[in-house]
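Keep the structure open beside the text as you read.

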Amino acid sequence: MIIPPDQLEKALGKFQGRFLLACLSSGFEPTVVYAAGSQFQLANLYRGMGANRGDCLGACTTGAATLEHLCRVKPNLLLMCDDLPDMTLGSLVDQARKLQPAIRTIAILSRIDKFYDDIISPIIVADQDLLVHAETVTLMTMAVATNTSYHSPTIFGRFNELSQKPAAPIEGTNLLTRRERQLLEAYALGLSNQETAKQLCLSPRTVQTYSSELLQKLGANNRQKALLQAMRLGFKALGRLA
C-alpha cells in the first residue's frame, strides 16, 4: 500500500487540533497513560495525542506495569495497543475498570484476524483504518472527549463477520451519510463553505445545500449546535458508515 503525503496530512495532520477542540467543547481535560509493547508505538501515541500539553502521565510496555501505574497516577484515559506481551486488551480493560470504573479507554488493534468480541472498550480502532479512512481520527477523538462509542470501519466489519453487531443506535437518531460526516468534520475544524468545497472537490453552493440538509437532520440552526447535537447522539450512532 502506498499512502501519498496529502492523505497523511488529511488523516493525521490536524490530530491535535481536533482533539483539543473536542475536549474544549465537552469540558473534558484528558490525563493519559499509554500502553504498548513497542517503544516505537508508544512514541507515536505520545506525539499524536499532543502530550506536550502536560496531559501524559506515563507509558508502560506491559499490562502488569500499566495496572500498577494506574493505581499510582489515576488517569482518566487509557490508550492501549494489542502488542502487550503479557496480557490481552480485554483483560487489561476489565482490570483497569475495577481499579477506576470511570476511566475512558481506546483500543488500537493491528491483529484484526485475532480480534473477537472480548474487548469491552467503547472505542476500538483498527490500525489499518487510521490513514485509509481520514475521518477515523476525528471520530475517535471526539468519542473520547464526549465519552461515547466508536468502532472504525474495519472493526465494525469484523463485528458483522462474528455476528456480534455493536449496540443499536439510539432510538430516533439518523445515521449520517459519508458526505454529512465530512461536513461535520469540517464544522469541527472551523472550515468555511469555500474551504470545505475545495477540500471535497465540490462547489460552494453544493456544500451549502448539503449543510442545510445536515442541520435539518440534526435539528440544529447553526454549526455549533449541530456539533453539540452530534456529540449528544454519540458517535456510536453517527460513525458507522465506511
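A disulfide, as the word is used here, is a pair of cysteine sulfur atoms within 2.5 Å. By that cut-off the structure holds 0 disulfides. Cys56 is in no disulfide, and the nearest cysteine sulfur, that of Cys60, is 9.5 Å away. Cys56 counts as partly exposed because its relative accessibility is 21%, while Cys60, with a relative accessible area of 6%, is buried.

A word on the ground rules before we go on. This is a predicted model, in which local features need pLDDT of at least 70 and side-chain atom pairs count only at pLDDT 80 or more, while totals for chains, interfaces and linings use all residues. Residues are numbered from 1 along each chain as its sequence is written, and side-chain values use heavy atoms, with hydrogens and water left out.

Now to the strands. Helices (H or I, at least four residues) and strands (E, at least two) are DSSP runs, numbered from the N terminus, and two strands pair if DSSP finds at least two bridges between them. Start at strand β1 (residues 32-35), where Val32 and Tyr34 point one way, Val33 and Ala35 point the other way, and all are buried. In a regular strand the side chains alternate between the two faces of the sheet. Strand β1 runs parallel to strand β2 (residues 56-60), joined by 3 bridges, and Ala35 stands opposite Cys60 there. Strand β1 also runs parallel to strand β3 (residues 77-81), through 4 bridges, and in β3 the bridge partner of Ala35 is Met80.

Together, β3, helix α5 (residues 89-99) and β4 make a right-handed β-α-β unit; right-handed means that, with the strands pointing away from the viewer, the path from the first strand over the helix to the second runs clockwise.

What does Ile106 touch, leaving out residues up to four places away in sequence? With contact meaning heavy atoms within 4.5 Å, its partners are Leu77, Leu78, Leu79, Met80, Ser121, Ile123, Met140 and Val144.

That brings us to the nonpolar cores, each a set of buried Ala, Val, Leu, Ile, Met, Phe, Trp, Tyr and Cys residues joined through side-chain atoms within 4.5 Å. The largest has 40 residues, and Leu79, Ile106, Ile123, Val144, Leu184 and Tyr187 touch the most other members. Its largest share, 7 residues, comes from helix α7 (residues 136-146). A second, separate core of 21 residues includes Leu67, Ile103, Ala107 and Phe159.

Finally, look at helix α9 (residues 178-189), which is mostly covered, with 9 of its 12 residues buried. Among them are Leu183, Leu184, Ala186 and Tyr187. Helix α9 is followed by Gly190, whose phi is positive, near 75°.

Technical notes
Buried means under 20% relative accessible area, exposed over 50%, partly exposed in between (1.4 Å probe, protein chains only).
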